[in-house]
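Subject: Structure for your review

Dear colleague,

Please find below the sequence and structure that I am passing on to you.

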Amino acid sequence: MSPVRVTWNRTIGRARSLFSTAFAVGGFLAASAALFAFRLDAAEGVNLSVASVWAMGVAPFLPALAAFLAMDVWSDELQTGRIELLLTTPVREREFTLGKFLGVFTMTVFATFLSFAATVAVLRVYAPSALAGVGVLGFCPAFLALMLQGILWCAVSVAMSSMFRHAAAAACASLFLLVGIPRGGWAALLALAPQGRTVFGEMPLDAHVMDMSSGLFSSGTVVAYLVFSSFFLFVASKNVAMCRFCGRGGRSLRISTAFALLLAAVFSVLLALLAGRLDTKIDLPVGSVETGFSARTRGILAEAHGDMSVTCFLPRRDARFRPTAHFLRSLQRESASLGGLRIDLRFVDPLWDLGPAERLVRLGAEEGSLVFEKGRRSVVLPLAGGFDERICASSIQSMTMPPQRRNVYWTVGHGETAGDDYGAFGMSDIARDLAREGYRNMVIDLAGDAQIPSDCALIVVAGAKEDFSRAEAGRVDSYLRAGGRMLVLLSSADSGGVASLLPGWGLRPSQMSTAGAKTLSATDVVVGEFSEHAISKPLHGSRIVLERPVGFMPSAAAEAGAGADRIEFTPLAKAGTAVVAATVERGVGAGADLSIRPMRIVAIGDAGFVMNGQLAARANANRDFFLNCVAYLSGTDAAVASGAEANVLSTGLDRAGRFRFAVVLVGAVPFAVFLFLVAVAARRRFRG
């Protein structure tokens, strides 16, 4: 058996007999699970895979694990004097070092695999929807990224152990070198430069894990990790070799060894810089292509034809460059797989590509934007105003489809939520989404003699707190009798807005009990039961979140008439047995024969479910539900499709579910592993 393998086995065997290993592994599992649970809750609704969130939860604690596992691999030999016995054997120092490194790395892989297995097992029980589209293979890039960093952390920790006789000193030195300098230095840099994150990008170590876990591999990064790992293993072997050169006679050998280490450091830095200079990117698709984009985006890409260029006008050092480039490449692959629009990607750095940058500036683009060009038409999308799949899909649609201008009128004068309010309680975000979909946002005040314009696609009554006057209600009633369309966001079941008008059109608002309903913050209600209606059917498997919702029941007017006068009441979404969103329609049976435009009303029992704060704070399908309602009411039924991105992280956990998930993953699993490792160590010591 080779010396490397013998040393490898002895290192693992000794680690299993140490109680410090149980504390290190148990603490690592608990800390990484706690950070993962926190990040998972924060990433709800974000375009991230659960594998990336898991890797970002494990990565910060991997250096500490390596430091504690490797702290005594050489320190114990130096303190007890066994190093002199080892050096008398005909085995080279690098073989001992390599064997000890492999032992520490094996334990690191074991602990990381335990974290992965526990995470997947607990998610399958408590949040299976978080694993949708991400199988075991989807975790492979994330695991590979952690192991690539783990190689370097283990090599550094073994080198530090060879420099100190006390294990605690070796662990402190490793932590200072692996955690204190990079993360402390980065925190200091951001503190000195408040805009440093935008200028310098994300923390490089975290950015590497995020990139590779999403499938974006950099040859320069991989080579740099391997080069510096080899250097620190070389340092460890030379530190051990110096023990042979004791006394005055070995002074020249120690000097030559120190000079060799200096040359090795210079060579490693130069080689890493060269690898970065010759860097190439490999973008691997992670997850299934079919579930990467929403049905709406795939429909737009499939129906569009011809060639389009998409230019990313952004410095490569900008923190937004990596995720934006990765998304655009995925969009290009998706479009090619559908056989529709051919997308040509271009990346223009304003600091280096002066000619193309000047052309983009003439088009009206600023630094930090995407430019869509098709023929003579162009659309500039500033990244500062928000960037996601829906926005890009709307930009592509506006470039490839004939222009359609439909006017949405928002009522004012009754305490409604304003569509031009950019605060947390405003609706500027959803109004901007409507504009991107081709709608024109207008306001209407029915208090005077103003009539509802003929170009009105629908009226939106968003959380009116005061009742409409008799004259205003009469104008709305006349508009509806002529086949009008109205979307009502109700703030109260008793009064406010057009609440008194709804019973005459088949809707009766009512107070509902939220006892036993799923909740995220104890004040809201999570709604996940949707009907087979054109509005809600595309959202099956999603959820909307409502704050103290109002319920709806069919009034006496519903189902009372016949033929063209018949009013149909259709539930759209339920919370338990209570209907929290419903639609009524009159004239649907006779409309096709008599060319009568059916009257439609959609009522949602929450006045603020698409407020800016609601859309930004939670992972939900509120935005999609609202836009589907507008599309249905405006008569573009064929366009009603889920715009929810399939690769958006959604756990489906409510408040109680998150607590149970955290207790099991952060407490029960690490404690069970800790007890098992303590029992193994005690048994080995008892036998010894």
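This is a predicted model: local features need pLDDT of at least 70, side-chain atom pairs count only at pLDDT 80 or more; totals for chains, interfaces and linings use all residues.

Helix α8

Helix α8 runs over residues 140–161, which makes 22 residues. From its first C-alpha to its last, α8 reaches 31 Å, close to the 32 Å expected at 1.5 Å a residue. Of the 22 residues of α8, 19 are buried, so this helix is largely enclosed by the rest of the structure. Here a residue counts as buried when its relative accessible area is under 20%.

Nonpolar cores

In soluble globular proteins, nonpolar side chains tend to be buried together. The largest nonpolar core in this model has 85 residues. Those with the most contacts inside this core are Phe36, Trp54, Leu123, Phe139, Leu146 and Phe661. Its largest share comes from α8, which provides 14 residues. A second, separate core has 41 residues, among them Leu458, Ile544, Ala578 and Ala581.

With its neighbours within four places in sequence left aside, Phe661 is in contact with Phe36, Ala37, Leu40, Val122, Leu123, Tyr126 and Leu653.

The second largest pocket

The second largest pocket holds about 1,300 Å³ of space. Its lining is made up of 39 residues, and those nearest its centre are His208, Ser218, Thr221, Asp279 and Arg322. By class, the lining has 22 nonpolar, six polar and eleven charged residues.

Which elements each supply at least two residues of this lining? They are α8, α9 (167–192), α11 (204–213), β1 (216–218), α12 (219–241), α13 (251–277) and α15 (321–338). The most comes from α12, with six residues.

Cavities

A search of the whole structure finds two cavities of 30 Å³ or more.

The largest cavity has about 70 Å³ of space. It is lined by Leu29, Ser32, Ala33, Phe36, Trp54, Val58, Ser115, Ala118, Thr119, Leu665, Val669 and Pro670. Phe36 and Trp54, which belong to this lining, are also among the residues with the most contacts inside the largest nonpolar core. At least two lining residues each come from α2 (19–42), α3 (50–58), α7 (93–126) and α23 (655–687), and α2 gives the most, with four. Nine of the lining residues are nonpolar, three are polar and none is charged.

The second largest cavity has about 40 Å³ of space. Ala15, Arg16, Leu18, Thr21, Ala22, Met107, Leu677, Val680 and Ala681 line it. Here α1 (3–16), α2 and α23 each supply at least two residues, with α23 giving the most, namely three. By class, this lining divides into seven nonpolar residues, one polar and one charged.

Arginine 548

One residue deserves a separate remark. Most residues other than glycine have a negative phi. Arginine 548, although not a glycine, has a positive phi of about 45°. Arg548 is found in the loop between β14 (544–547) and β15 (551–554). Is Arg548 buried or exposed? At 61% relative accessibility, Arg548 counts as exposed, because the cut-off for exposed is over 50%.

With kind regards

How values were computed
Residues are numbered from 1 along each chain as its sequence is written. Side-chain values use heavy atoms; hydrogens and water are left out. The expected span of a helix is 1.5 Å times one less than its number of residues. Buried means under 20% relative accessible area, exposed over 50%, partly exposed in between (1.4 Å probe, protein chains only). A nonpolar core is a set of buried Ala, Val, Leu, Ile, Met, Phe, Trp, Tyr and Cys residues joined through side-chain atoms within 4.5 Å. Contact means heavy atoms within 4.5 Å. On a 1 Å grid over the protein atoms alone, a cavity is a set of points where a 1.4 Å probe fits but cannot get out, and a pocket is an open set with protein on both sides within 12 Å along at least five of seven lines; lining residues have an atom within 4 Å of a point. Grid points are joined across faces, edges and corners, and a volume is the space filled by probe spheres set on the points. Ala, Val, Leu, Ile, Met, Phe, Trp, Tyr, Cys and Pro count as nonpolar, Asp, Glu, Lys and Arg as charged, and the others, Gly among them, as polar.
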